Amino acid sequence: MSSSAPMAPGGADSIADGVDAEVIAGNQRVFTGRMGLIIAAACILYTGMHIYSMNVQPIETWVYRLLHVSGGLMLGFLLFASRPLLDARAGPGPRTALTERLLLAAAAAGILVAAGQLAAMFLADDRVVTGAPATKHLYSFGYPLIAGTGLALLASWMAPARGRGRLGAADTLLALAAVVVGGYIIGHADFLRIRAQVFPHVNDMWAAVAGIVLILELTRRLAGLALVVIVGLFLAYGFIGPWLPGVLNHRGYAPGRFFAFIYTDNGILGPTTAISSTYIILFIAFAAFLQASRVGEYFVNFAFAAAGAMRGGPAKVAVFASGLMGMINGTSAGNVVSTGSLTIPLMKKVGYRPQTAASVEAAASSGGQIMPPIMGAGAFIMAEITGIPYTEIVIAATIPALLYFLSVYFMVDKEALRNGMQGLPRDQLPRFSALARRAFLFLPIVILVVALFLGYSVIRAGTVAMAAAAVVSWFTPHRMLLREVLYALELTARMSLQLVAVCAAAGVIVGVIALTGIGTRFSSMLLGLAGESQFVALVFAMLISIILGMGMPTTAAYAVAAAVIAPGLIRMGIEPLTAHFFIFYYAVMSAITPPVALASYAGAAIAQSDPMKTSVESFKIGLAAFIVPFIFFYNAPMLMQGSWFEVAHVFVTATIGIYLLASGVQGWLFGRLGWPLRIIAMAAALAMISGGWVSDAIGFAAGAAIFLVQRTRPAATTPARRTG
């Protein structure tokens, strides 16, 4: 499939052949032939294990999460090679090549010895070493495992870029090490629950250390260094804490207990992995089924048919389509790459600057994660953490999400109006009448929402929605049969690997927080710094959420921020729903916040624009999302808490305020605005959004004043060239 197929003249049922699913996966299909089939089968088994366990026969919780993490690490090392430290064009020199071979030989010896010892433990049923001397199995498992893993890691950094269809030897050894670590901990799961707290065996420590090293390496490959550095700082804190002053001080922990504790359900196997192994992978699978059935393509085409001919049409399409798909797939950057490969070139075609096209796509894709009913799995994560019913969370999220997308829509409309942009010609767009006859393709989304509100579990509702995506495709030319189902399962595994790695890495942070108690002390410090001011505490919470989100995807950033910040906000008297929504919004918006804006960078790569300028413009377009959380803190009706009249009043006045905000930012209301009028418009917007009667009157008065000024100054209302 190609995401850039030319549009057929004279109208068409599809604007393109669809978004390339391999681009969504973030990895081209490198392997062909027999190796490709083996890896595809492994991906299918990995996804199938999750769906089977969630719906048919549950696996014991620890074992299930270990299979999730270890299987994800194994597939990740096989599919995503390390970037070589050497210049791949020049190739390694003879001395370097010899060093690499020696490292590989030593690494293979160590990991194979550990694998053999693990097999012997299982065969002899000698997995329990409670009370045994500390050196038992150490020289045949612990030392070889950690040495082999470290040497394989070094070899992977020295290896040249691997060719198409080749499997790197170092990456294969790292994949085997992941299996050995997972196998050891699965074999000892019943006892680690107790031993990690009291008397961990030395092999528990080395298995945990090797596992953490593997998690951080895969995170580095798939998500960059930012999260790796953050995790490294937390690990260092676990050992240097006794020498730190004040709130950072703790009593210190023996390495054995520290690392064994981290690899339990208090850390890596805790809430972040629980979320990634259920809700996240479920909705990634749903997105993959929509892709493989080409139902997702229908959503994009429907948006083009509805909005493509408007002024700046492709940008408005991006707002609708990216918001819808971003709500489902739960990753801002991944959604930018998928739908942006289609919308960004078309935005540039109608006159948007490259950085503006990329920033619109980034803002819309990021906003999908605050859009009910799925919120990129955010609603379910919040329900899991807070205990607040899912339906209450979804209802509360509705008005802020609508305001955000209205803001982005107004931003792109004002940009198009100011620059006289036209939409795409009707003969280059899908026929709306043809698409309207296939409106039944929205059924998977409808079924998901209805099932959730009828009280079905998230897992059951998501599975039924996946099945619905396959069934509705049978009434289209692109029927989803066994081959397409298997492809969707394979695609799910490829798309989920980044989140598996980063959620496990975030679990390390959660484990350190739980062991050292820094979360409670930090909350106390937050209260102390803020004094009695909830506003100051919220500013701190905003900054911390954004900083955490710069290094990890939204779900992981929210989980960590909720553990560190939310307790302090709640202790200050802020409602739990408001506190968690506040944190979640800023974790989401970190994807478009400079200087590390992952969604903006992904869009810039497609648009060939400057990444930093793109991130700044994304921030500008998504500005409403940085204001609204403070507004719903002071104005509970914005979260649907109050009478219908209060809710309607807040929504109407906030909508007008959002319109004024977009006008002030873009410099166009009823005509071009100079800087004095732009500042007045933005001040009026803030007054209107806040929702009070007095502030509303001030906002209306300011808006009316701008209108009168523009009416009396014809030059200010000179329209741009005629738009489509």
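**Close-up views of an all-chain model**

**View 1. The protein chain has 32 helices and 0 strands.** Helices (H or I, at least four residues) and strands (E, at least two) are DSSP runs, numbered from the N terminus. This is a predicted model: local features need pLDDT of at least 70, side-chain atom pairs count only at pLDDT 80 or more, and totals for chains, interfaces and linings use all residues. Residues are numbered from 1 along each chain as its sequence is written, and side-chain values use heavy atoms, with hydrogens and water left out. Of the 724 residues of the protein chain, 59% count as buried. Buried means under 20% relative accessible area, exposed over 50%, and partly exposed in between (1.4 Å probe, protein chains only). Contact means heavy atoms within 4.5 Å. Among contacts in the protein chain with a separation of 6 or more, 78% join residues 24 or more positions apart.

**View 2. The largest nonpolar core has 243 residues.** Such a core is a set of buried Ala, Val, Leu, Ile, Met, Phe, Trp, Tyr and Cys residues joined through side-chain atoms within 4.5 Å. Y263, F286 and F581 have the most contacts inside this core. Helix α21 (residues 482-516) supplies the largest share of the core, 20 residues. Leaving aside residues up to four places away in sequence, Y263 touches L66, V69, V181, I185, A208, G211, I212, I215, I268 and L269.

**View 3. Helix α2 (residues 33-55) meets helix α3 (residues 61-79).** Their axes come within 11 Å and cross at roughly 160°. Axes are lines fitted to C-alpha atoms, for helices over the stretch in contact, and angles run from 0 to 180 degrees between N-to-C directions. The two helices are therefore roughly antiparallel to each other; angles over 145 degrees count as such. On the α2 side, the contact includes Y46 and H50; on the α3 side, it includes Y64 and H68. The residues of this contact divide into 10 nonpolar, 5 polar and no charged. Ala, Val, Leu, Ile, Met, Phe, Trp, Tyr, Cys and Pro count as nonpolar, Asp, Glu, Lys and Arg as charged, and the others, Gly among them, as polar.

**View 4. Helix α29 (residues 623-634) is largely enclosed by the rest of the structure.** Of its 12 residues, 11 are buried. Among them are F626, P629, F630, F632 and F633.

**View 5. F700 is found in helix α32 (residues 693-712).** F700 counts as partly exposed, at 47% relative accessibility. Not counting residues up to four places away in sequence, F700 touches I656 and M688. The C-alpha atoms of F700 and G657 are separated by 9.2 Å. Along the chain, these two residues are 43 residues apart.

Notes
Angles under 35 degrees count as roughly parallel, over 145 as roughly antiparallel, 65 to 115 as roughly perpendicular and the rest as oblique.
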